[in-house]
Amino acid sequence: MKLNKLVVAALMLSTLTWIGCGSSGVVKPTDEQNAFASVEGLGDLAGDDAMFASAFVSGAAPKNRKDYGERGYQVNGDPTFDGDTVTVPVKIFGGVHATASGDGRGGKASSVAETEQVWTLQRIDGQWKIKDAPLG
């Protein structure tokens, strides 16, 4: 199973709503968890034009979508929240099977060098969208 899919599955599990034994309340994901999910699932979203574009603020989706599908993403430090904007240090790494081809075959793992960049996200209608996501 690809690393990206494992990360997405783990994030989905961590953001599910849990009702504790005897609890009358519902635990909601934090802003931090929602912002992290927007970042760490991007490689898988790159396999589809519409899904990739939906992860970004309107008009901010990069034209090199396939390059994003050849990488994995991990939040690598503390986010800095400023109202409806957050900056997040992101570790970008290769070694993942590209999902951007859309044919499901994956092929050979990418050999992209590891780097770290700071990405900016913006909350729009209660949802975190990526505003700026440099690869390096």
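**Close-up views of a predicted model**

**View 1. Isoleucine 92 pairs with threonine 115.** Threonine 115 in strand 4 is the bridge partner of isoleucine 92. Strand 3 and strand 4 (residues 115-124) run antiparallel and are joined by 8 bridges. Strands here are DSSP runs of E with at least two residues, helices are runs of H or I with at least four, and both are numbered from the N terminus. Two strands count as paired if DSSP finds at least two bridges between them. The model is predicted: local features need pLDDT of at least 70, side-chain atom pairs count only at pLDDT 80 or more, and totals for chains, interfaces and linings use all residues. Residues are numbered from 1 along each chain as its sequence is written, and side-chain values use heavy atoms, with hydrogens and water left out.

**View 2. Strand 1 meets strand 3.** Strand 1 (residues 72-75) runs antiparallel to strand 3 (residues 85-93), with 4 bridges between them. Tyrosine 73 has isoleucine 92 of strand 3 as its bridge partner.

**View 3. Strands 2 and 3 form a hairpin.** The two strands have 2 residues between them. Glycine 83, in the turn, has a positive phi of about 65 degrees. Strand 2 (residues 80-82) pairs with strand 3 in the antiparallel sense over 3 bridges. Phenylalanine 81 stands opposite valine 86 in strand 3.

**View 4. Phenylalanine 56 is buried in a loop**. The loop lies between helix 4 (49-54) and helix 5 (65-69). Phenylalanine 56 has a relative accessible area of 3%; buried means under 20%, exposed over 50%, partly exposed in between (1.4 Å probe, protein chains only). Leaving aside residues up to four places away in sequence, Phenylalanine 56 touches Leu42, Ala61, Pro62, Lys129, Ile130 and Ala133 (contact: heavy atoms within 4.5 Å).
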